[in-house]
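This report describes selected features of one protein chain.

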Amino acid sequence: MTSTPLEEKTIPPTDLPAVEEVEQGYVPAKVHWYRGTTAQTIIVGVASFLAPGAYAALAATGAGGLADITWGNASSAIAYGLIVPSALISTGCLSKIGPRWTLAIGACGYAPYAAALYANSAFRNQWGLVVGAIVCGLTSGLFWVSEGAIIMIYSEPERKGRLLALWQSIYQAATLIGGGINLGLNVHNKSSGGLAPKTYLTFVGLNCLAPFVSLLLSNPKQVQRVDKKPVPAFPSEGFWKECWLTCKELKDPKILACAFLWSQCLFIPSYLGTYVARFFSVRARGLTSIVQPLLAILFFQIAGVILDSKKIKLRHKLIVTWGALQVLGITSMIWILVKNVHLDSVTPRPNYDWTTPGFAAAWVPAQFARAVASTNYGYNYYMATWVFPRQADGARISRIIATLRSAESGSAAIAFGIAAAGLPLHNLGYINIAFLILTTFLGAYILQFIWVQDKAGVYDKPPAVSESQSEVEVN
């Protein structure tokens with residue numbers, strides 16, 4: 001039976017086993033592993049692995065692995081466009097049915113979309129792509145917001161960097177394993193075109209498991225944190241009021257800047273995916289979906305260790321990590337754009353395989369650029385932790401995440417729409433470079449705010465307790 005929002009908002013001592021009262025609140029005498037935050041992160045990570053992760057494995061091959069790049073990009077534009085409204089109403093769902101069921105319902109839309117990709121690849125069924133994209137878009141926003149809110153709210157502040165890295169690494173592992181499947185089923189295909197139809201059936205099976213894994217998640221009042229504090233309250237207002245409160249968060253200029261940072265991370269994949277699909281063989285696209293997540297997982301772990309280090313000041317570790325990612329990302333994108341301009345001028349259009357001379361020069365920078373975009377995405381969550389108002393409770397954090405994920409979805413929809421419209425690919429590259437430069441300045445604005453706050457010792461003080469947090473501790 002699902003807990004009501006009121007039940008999730010308060011934590012009576014009788015609901016927790018063997019508790020002792022301490023200064024921070026009610027604390028379990030023994031943390032059961034399946035109620036701990038690491039277990040909750042793994043559950044969310046596995047659900048992400050099976051749903052959006054499996055989808056990302058197909059997307060990493062370029063245009064969903066389809067031979068017809070235009071249809072692949074158009075269906076992605078539809079899906080991402082519909083995620084915008086579904087993300088904005090997600091806090092209303094979190095309020096009414098809780099994070100566990102919101103996550104599970106959000107995971108239900110991926111299997112129909114993977115099935116539509118299969119039908120298109122096997123039977124040239126184009127309309128099914130549109131239907132699959134609509135179903136996926138209408139549910140995925142719920143999944144995207146709830147997974148991010150769960151990780152941000154459930155995790156302890158001092159372990160947030162590692163838990164974010166764990167969540168994103170499990171997600172990226174889907175692309176890695178999916179890439180192995182892609183490559184194994186298409187390893188002898190040196191030509192351009194789409195993936196073998198049987199490839200998609202594997203992903204349909206993975207997607208079908210995601211809702212059931214999501215239901216393994218513990219409700220907030222059941223979670224036992226190592227910092228001996230209860231999980232902050234999730235949204236609990238009425239459905240439409242929650243939707244309105246979510247939209248109002250964009251009035252804060254720092255949240256608006258974060259929305260652009262989130263958006264850039266999902267704007268760039270359409271360009272990189274189309275670049276790989278256009279100029280590389282099927283098996284090279286399969287190799288891409290292995291190497292990209294490997295690099296991303298490596299970058300995540302390095303960033304997680306740095307960001308959780310207690311020997312480095314917050315402002316310094318944020319600047320160092322951000323600077324390294326920006327330098328690598330911008331240089332990789334410039335290299336790809338120069339190569340893209342050259343390839344667009346060559347007739348007939350090149351089709352690189354890993355046995356083709358010049359393959360590495362055209363292919364390697366795309367792997368770094370995509371891995372940096374993925375790592376930036378996880379980094380943005382950590383950075384935003386220090387941007388969110390100090391008094392923000394779990395409900396407000398959920399609303400802020402909903403606005404950010406809605407913005408990024410709109411950005412991805414625009415990017416895939418441009419790619420499907422037939423704009424010369426190198427022109428889309430110019431747009432991506434401009435967006436990347438813009439977000440570099442916006443990132444500097446956010447980091448400057450954090451630098452001033454950290455230097456003034458603001459983060460050394462305990463945050464003001466909000467009304468909803470007080471209710472959790474008092475009740």
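## Salt bridges

Which side chain meets that of Lys-254 in a salt bridge? In this predicted model, the partner is Asp-252, at 3.6 Å from N to O. Lys-254 has a relative accessible area of 17% and is buried; Asp-252, with 16%, is buried as well. A search of the whole structure gives 11 salt bridges.

Another of these pairs consists of Arg-315 and Asp-454, whose side chains meet at 3.0 Å, N to O. Because Arg-315 belongs to helix α12 (residues 314-344) and Asp-454 to helix α15 (residues 425-455), the pair ties together parts that are 139 residues apart in sequence. Relative accessibility is 12% for Arg-315, which therefore counts as buried under the 20% limit. The value for Asp-454 is 11%, and this residue is buried too.

## A link between α6 and α14

Arg-405 forms a salt bridge with Glu-147, with 3.1 Å between the closest N and O atoms. The two residues lie in distant parts of the chain, 258 residues apart: Arg-405 is in helix α14 (residues 394-420) and Glu-147 in helix α6. Both Arg-405 and Glu-147 are buried. A network of salt bridges links Glu-147, Arg-405 and Glu-408.

The largest nonpolar core has 84 residues, of which Tyr-80, Leu-318 and Ile-450 touch the most other members. Helix α6 (residues 127-154) gives the most to this core, namely 12 residues. Apart from this core lies another, of 24 residues, including Leu-272 and Ile-433.

Of the 28 residues in α6, 22 are buried, so that the helix is mostly covered. From first C-alpha to last, α6 reaches 41 Å, close to the 40 Å expected at 1.5 Å a residue.

Ser-75 is placed in helix α3 (residues 69-88) and is buried, with a relative accessible area of 3%. The side chains of Ser-75 and Tyr-113 are joined by a polar contact of 2.7 Å. Beyond four places in sequence, Ser-75 is in contact with Tyr-113, Leu-129 and Ala-133.

Ile-83 is also found in α3, and its relative accessibility of 3% places it among buried residues.

How values were computed. Residues numbered from 1 in each chain as written. Predicted model: local features only at pLDDT ≥ 70, side-chain atom pairs only at ≥ 80, totals over all residues. Heavy atoms only, no water. Helix = DSSP H or I, 4+ residues; strand = E, 2+ residues; numbered from the N terminus. Buried < 20%, exposed > 50% of the residue type's maximum accessible area, 1.4 Å probe, protein only. Polar contact = N/O pair within 3.5 Å; in protein donor to acceptor, adjacent residues only side chain to side chain. Contact = heavy atoms within 4.5 Å. Core = buried A, V, L, I, M, F, W, Y, C linked by side-chain atoms within 4.5 Å. Expected span 1.5 Å × (residues − 1). Salt bridge = Lys/Arg side-chain N within 4 Å of Asp/Glu carboxyl O.
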